[in-house]
Amino acid sequence: MTESEVDYAAVYRAYPAPVALLRPDLTYVEVNDAYARTAGRSREQLLGRTFDEVFPDNPEEGDPSGTRNLRLSLERVAATGQTDPMAIQRFDVRPEEGAEGFAERYWSVVNAPVLDEHGKVRLLLHRVEEVTDLITSERAPRGTAAGERGRRMESDVLSRAGELQASNERLRAAHAQEQEVALSLQRSMLPPTDLRLSHDSAVRYRPASAVMNVCGDWYDIIELSEEQITLAVGDVVGHGLEAAGVMGQLRSALSAVARASGSPSRSLDVLDLYARSVPGAQSTTVVKLFVDWGSHTLTYASAGHPPAALARTDGRVDFLDQAVNPPLAALPTHGDAVEASTSFRAGDVLVTYTDGLVERRDEDIDRGLQRLADALRRHRHEDAESLADALLADMLPPEGTEDDTALVILRL
């Protein structure tokens, strides 16, 4: 039997575990037969209604945490696109639609995202397994030994489930706080986006998408004189606070070296030596460029970084890939960096960036570079600020990317 011959709708309906599909707003769009039986509702009573409408809180339960936890889990999956297996929850339900009172029920739940072709959460897969019988199987009349054993077991299971739930919440909060600190640190160490240069320029920084996977991307622009500017874009391997800290050290070191070296290759030579003494700096990529309007020459050197793009006034787009060196501290011993130069004309546009702009997990890097070249041809006549916005709109998917994106544009 081929894949095209499989009736996946029939497989879903026949699946023995209770499974439902909800929209990100928690509206039911499909349930299988097992879910309807377990919920004590017909398919028609579920579809088109929200989770809260079908399963309201039990007002007689002093702390309806099970209901709240289920709702929070579904909302978290919708926001992050990450699967969320839950600890055992007490979640009371009405025995049937319109009935009075609530039945005490216990559940093991896994909520997972269903993604579209762009990686955006399209649906929520809500799989439940009722464990009420397991929790209450040893119950006996109060005061008997069996009854006390059952109640102790129930109390222990729920206590441990609650502890696990609380621990998960603390871990999520700690992770979110770390990512926020890393992002704040990263932004504080980058130059302001309002560059106030004498030439038309723009910078953009976009952090990674919903997971807030803060990385070590950075940029720097220094106006050395009326006729000279040096700029750099780099990317530290890793994520979070450590990557942000390493980024700050490397950016500061390169900024100081560039003011004295006057050469991109010499700047990278010194930075490579420095990176060997900084834990976490190994395999960092960076491109360093010097622009001289007096000679209309652009000199550059790259340490394993995606090539800068030079959009010519005649519509050509050249990628500056003639001076490629290994990433910082990637080789066992230090070697002298090479550099290259190219001429430019007034009106040409220089674009430097990090790999978040052009790299996608499911495609070759050359396709990303081709998209960038095409976008530059379409928008090259716009001012730097408008061009930056246009490139981000054309290059980045609406749901964001898994990597940060730094972008620097300079009209020559």
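Me: Which side chains meet in a salt bridge at 3.0 Å, N to O?

Reply: A salt bridge is a side-chain nitrogen of Lys or Arg within 4 Å of a carboxyl oxygen of Asp or Glu. Here the side chains of D374 and R377 meet in one, at 3.0 Å from N to O. This is a predicted model, in which local features need pLDDT of at least 70 and side-chain atom pairs count only at pLDDT 80 or more, while totals for chains, interfaces and linings use all residues. Residues are numbered from 1 along each chain as its sequence is written, and side-chain values use heavy atoms, with hydrogens and water left out.

Me: Where in the chain do D374 and R377 lie?

Reply: Helices (H or I, at least four residues) and strands (E, at least two) are DSSP runs, numbered from the N terminus. D374 and R377 are three residues apart in helix α10 (residues 365-379), so about one helical turn separates them.

Me: Is D374 buried or exposed, or partly exposed?

Reply: Buried means under 20% relative accessible area, exposed over 50%, and partly exposed in between (1.4 Å probe, protein chains only). D374 is partly exposed, with a relative accessible area of 32%. R377 also counts as partly exposed, at 36%.

Me: How many salt bridges does the structure hold?

Reply: The structure holds 16 salt bridges. One of them joins the side chains of R411 and D200, at 3.6 Å from N to O. R411 lies in strand β17 (residues 405-411) and D200 in the loop between α7 (145-189) and β7 (201-206), so the pair ties together parts that are 211 residues apart in sequence. R411 counts as buried at 19% relative accessibility, and D200 as partly exposed at 31%. Another salt bridge is formed by R367 and E363, at 3.9 Å from N to O. In that pair R367 is exposed, with a relative accessible area of 55%, whereas E363 is buried, at 18%.

Me: What is the largest nonpolar core?

Reply: In soluble globular proteins, nonpolar side chains tend to be buried together. A nonpolar core is a set of buried Ala, Val, Leu, Ile, Met, Phe, Trp, Tyr and Cys residues joined through side-chain atoms within 4.5 Å. The largest one here has 25 residues, and those with the most contacts inside it include L231, L289 and L412. Strands that each supply at least two residues of this core include β8 (215-223), β9 (228-239) and β17. Apart from it lies another core, of 23 residues, among them A309, Y353, A384 and L396.

Me: Which residues is L231 in contact with, leaving aside its neighbours within four places in sequence?

Reply: Contact means heavy atoms within 4.5 Å. The partners of L231 include D220, I221, V287, L289, L350 and V408.

Me: How many aromatic pairs are there?

Reply: Rings of Phe, Tyr and Trp (its six-membered ring) pair if their centres lie within 6.5 Å; planes under 30 degrees apart count as stacked, over 60 as edge-to-face and the rest as tilted. By this rule the count comes to two aromatic pairs. The rings of Y28 and Y35 have centres 5.9 Å apart and planes at 55 degrees, so this pair is tilted. Both Y28 and Y35 are buried. The rings of W293 and F344 have centres 6.2 Å apart and planes at 75 degrees, so this pair is edge-to-face. W293 sits in the loop between β10 and β11, and F344 in the loop between β15 (340-343) and β16 (349-353), 51 residues apart.
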